[in-house]
Every structure is written in C-alpha cells, then in structure tokens.
Amino acid sequence: MGLDSKGEQRIGLLNGFAAYGMWGLVPLFWPLLEPAGAAEILAHRMVWSLGIVVIALVVMRRWAWAGPLLRQPRRLGLITVAAATITVNWGVYIWAVNAGHVVEASLGYFINPLVTIAMGVLLLKERLRPAQWAAVGIGFAAVLVLTIGYGQPPWISLCLAFSFATYGLVKKKVNLGGLESLAAETAIQFLPALGYLLWLSSRGDATFGGEGAGHATLLAATGVVTAVPLVCFGAAAIRVPLSTLGLLQYLAPVLQFLLGILYFHEAMPAERWAGFALVWAALSLLTWDALRTARKSRMVLREAATTAATAAAATASAEAAREAAAANPTTASGTAGGTNT
C-alpha cells in the first residue's frame, strides 16, 4: 500500500511538472503562428480545443455530467462567465507574447496568487492571517514600484492576474472537473470563434489556408497545446497535496520570466528588477505561511487521531472486561464477595 501510494505521488509530481512546464514554455509556441494575429490565433485555439476535448471525453466515456449541467441555468451562467474571463486571459496572453511582453506577462502569473487572496477578502469576506496581509501589502508596493518604472500601471500583468483569478473563483463555484469544464467553456466559445474565422476567410484575411500546410497544422495544434497540459494538471491534482501544487504553480511564470530575459532578450531596468524582487518576497512569505499552516494542521490531525485511537482502545478494553464478567458471573461474584470481606 505504501509503495502504491509513493508510486501514485511520483506519477502526480511528474504530471505536475509536465503541466506547469508546458505552460511555462508556451511563449515559444505563439510566435510560430505568425503572420496570424492574436485574435485569429485565439479563435483557432477555441475551435480546436473543443475538438480535442470532445475526442478525449468520447474515449474516456465521460458524458454523465453534461445532462445535469444543461438543466442548471445558474451553473451554465457561471460557465459562460468563466468562458468570457478565460477568453480575455488567453487573448491578452497571446498578444503580449507576440508583441514582446513576455516578462510582463510572467509577472501577471506571479501576482495571481496575491490577487486571488485579495479577491477572497473583498468578495468572499475571508479572514487573512497576518503573514497573508503582509504579502498582499508587499505585492501592492511592487505594483506601485512597477507603475513608477513603466510610467503607467503594468496593465498586461494586472489584466492577466485579475482575469485568471476571476476564472479560478468562478470555476470553484461551478465545481466541474478540468476536462469537463474546458469542454463546456469551449462549447460556449465555439460558435463566436468559428463565426469570426469564417468572417476573416470571407474577407481574405485568414492565414489558415493561405500560408501552407505547416502553418495550418500549427494553428490546429493550438487545441493540443491547450488540452494536454490541462490533462496532466488533472492527473497531478488527484495524486499530490494542494500544498505541493501550490509550489509547482510558480514553475510556469519562472520559465516564462527566464524565456523573456534569456531567449527574447527583453529589457530589465533596475526599477523592474525592484518590482519583481518585491513580488518574489511576497510570494516567499505567502509560501512560508502556507507551509507552516499546513504543518500545524497535520500536527493537530495527528494528535486528534492519536487521542481518538487511545479512547477507542480504552473503550474496547472496558467492553472486553464487561463481556468477560458477563460470561463468568461466578468469578465476578467471588471477587465481589472477597472485596466485601
């Protein structure tokens, strides 16, 4: 059993590294799709993602969720909101990468956990621990530093962070599996995306049929690029603790940041380094607090389990003594008589 558990955790970690690694390296893919613009790439991503996800669901025979979902207007409304927010996220990210803003895009995913916490306080009335308040404060200071450095707020980073945080919040309320959720969201995106592609084609502005078979294949591969990391993430989520996934999530923006500096050779003036340093300090504090809280929770659970086991053993021992006394009343009365003497 222990060996099986370790094997499952190893598989989960490998899938987690694969998912976040692919998300971290995806800036290398979007420039390959030029001369297609960001809007055309986004539309192809929506259309082909639905095709890939439908194939996956057919192979795995996972359709039981669809019927109940169609009978729940509120959940359908939430999925529509999720589809809208992830459309904004995808579109801004593709445009940012192809416009030479990979570092700023990576910052969006660095500050996303801080935005998620802030939204929890503002929208869900959650109570923060002191370390979390400090992390949010440092994150806010980082945005101010970057705003001064850029001469304007880092809109790309903020848009990516807030859209993805909103997407996560809505998905939490919908409570669907990753693959099922993507299927529902891309089903909503499909008709507008297909309509846009047909409109582009009618104007002669589409690149899908005019830039060769290789370009068309790459555009179709946007579905695979979207679905495969999500499948790996789903496999990781059911096998490793959330605390581990929380640490792995930083792999993607770290890789994006390194690509922006080392591969795309984007500028990193002193004020940008200062802003990033503050963000990393906030995330370090947040991670330390999360690990400390998880450790305390495990200790409390372990103590509770030990107490429960001790109480259960005492109860079982007393029950056994009563049963023994009932089975041998002579001995019990003899003992009672001896005591009276």
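Is Arg129 buried, partly exposed or exposed? Arg129 counts as partly exposed because its relative accessibility is 31%; buried means under 20% relative accessible area, exposed over 50%, and partly exposed in between (1.4 Å probe, protein chains only). The model is predicted, so local features need pLDDT of at least 70, side-chain atom pairs count only at pLDDT 80 or more, and totals for chains, interfaces and linings use all residues. Residues are numbered from 1 along each chain as its sequence is written, and side-chain values use heavy atoms, with hydrogens and water left out.

The structure holds five salt bridges. A salt bridge is a side-chain nitrogen of Lys or Arg within 4 Å of a carboxyl oxygen of Asp or Glu. Arg129 forms one with Asp289, with the closest N and O atoms 2.8 Å apart. Asp289 also bridges to Arg292, at 3.1 Å between the closest N and O atoms. Asp289 is buried, with a relative accessible area of 1%. Arg292 is partly exposed, at 30% relative accessibility. Another salt bridge joins the side chains of Arg203 and Asp205 (3.0 Å, N to O).

Aromatic rings also meet. Rings of Phe, Tyr and Trp (its six-membered ring) pair if their centres lie within 6.5 Å; planes under 30 degrees apart count as stacked, over 60 as edge-to-face and the rest as tilted. The count comes to 18 aromatic pairs. Tyr263 and Phe264 form an edge-to-face pair, 4.9 Å centre to centre, with 85° between the planes. Ring pairs also link Phe110, Phe257, Trp273, Phe276 and Trp280 into a cluster.
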